[in-house]
Amino acid sequence: MATNIDEMVQVGMHFGHQVRKWNPKMAPYIYAERNGIHIIDLIQTYYHLKRVSQYLTESSSQGKKILFVGTKKQAARLIAKVALQCDSFFVNQRWLGGMLTNWKTIKTSIDKLNQLEMRENNGELASLPKKEAAACKKEKDRLQKYLGGLKNMISIPDIVIIIGQVEEINAVRECRKLGIKSITILDTDCNPALADLFIPANDDSVASLQIILNEFLEAINQGRKIFKEKQKKFKLNH
């Protein structure tokens with residue numbers, strides 16, 4: 001693993017929330033309290049990050065599909081960037097209720113988005129009456145905003161990575177309902193009982209998230225490489 005504890009300290013990965021906002025279930029991952037703020041135990045952060053990275057490499061080497069979810073303003077762009085760099089999917093604007101539990105309906109909307117994009121690219125929308133073309137463009141932009149990160153997702157993912165458990169509680173519930181494995185970055189106001197795998201860390205600092213997500217990116221791409229090599233070998237032998 002490229003990251004070390006010194007780097008974690010530098011980006012403030014150990015800063016939790018105000019003591020009064022804590023979730024008592026996070027107690028085992030809290031090192032101390034300073035000036036009314038909980039300090040996360042970075043030795044545990046390091047251990048869990050290593051464990052999660054190994055799991056992501058292993059899962060990716062089996063061709064498993066991953067969805068990143070995080071709609072916090074400060075993290076939205078970073079989440080989209082990382083997901084695209086490791087051939088994964090993302091939701092970074094708003095979690096629409098039923099995105100996983102009502103996948104059939106969501107898939108219909110994704111198909112509609114792909115269809116509108118195709119019509120725009122081949123010039124079909126431009127040849128429509130002005131009012132109709134504007135309505136189609138507006139619909140396409142709306143769908144792109146919320147579903148753009150799922151355009152190539154043909155079925156529900158195998159793993160969901162959640163950034164901001166409190167904000168994304170609906171995504172957490174849907175994963176649990178469907179038995180989808182979740183990986184969550186847990187700040188001191190989160191509940192570890194709602195995550196399958198987790199990393200106790202500051203989930204508000206962009207620098208902190210950048211380090212964690214870069215580790216994920218590296219781990220996933222390592223696994224994807226193994227998967228592609230396996231596929232190549234299989235084709236050669238058949």
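Modeller: In this predicted model, helix H2, spanning residues 42–60, packs with helix H7, spanning residues 206–237, at an angle of about 30°. Their axes are 7 Å apart. Because angles under 35 degrees count as roughly parallel, H2 and H7 are roughly parallel to each other. The crossing in which H2 passes H7 is right-handed. On the H2 side, the contact is made by Leu49, Val52, Ser53, Leu56, Thr57 and Ser60. H7 contributes Ile212, Glu215, Phe216, Ala219, Ile220, Gln222, Gly223, Arg224, Ile226 and Phe227. Sorted by class, the residues in this contact are nine nonpolar, five polar and two charged.

The sheet is built from five strands in the order S5-S4-S6-S7-S8, and it is open, with parallel pairing. Strand S5 (89–91) and strand S8 (197–200) are its edges, each pairing on one side only. On average, and with direction ignored, neighbouring strands are turned by 15° against each other. Within the sheet, strand S4 (residues 66–69) and strand S6 (residues 159–163) run parallel and are joined by four bridges. Val69 stands opposite Ile162 of S6.

H7 links the two parts of this description: besides its contact with H2, H7 packs on the sheet, where it touches S4, S6, strand S7 (181–186) and S8. The direction of H7 makes about 170° with that of S4.

Notes
Residues are numbered from 1 along each chain as its sequence is written. This is a predicted model: local features need pLDDT of at least 70, side-chain atom pairs count only at pLDDT 80 or more; totals for chains, interfaces and linings use all residues. Side-chain values use heavy atoms; hydrogens and water are left out. Axes are lines fitted to C-alpha atoms, for helices over the stretch in contact, and angles run from 0 to 180 degrees between N-to-C directions. Angles under 35 degrees count as roughly parallel, over 145 as roughly antiparallel, 65 to 115 as roughly perpendicular and the rest as oblique. A crossing is left-handed if the near helix is turned anticlockwise from the far one by less than a right angle, and right-handed if clockwise. Contact means heavy atoms within 4.5 Å. Ala, Val, Leu, Ile, Met, Phe, Trp, Tyr, Cys and Pro count as nonpolar, Asp, Glu, Lys and Arg as charged, and the others, Gly among them, as polar. Two strands pair if DSSP finds at least two bridges between them.
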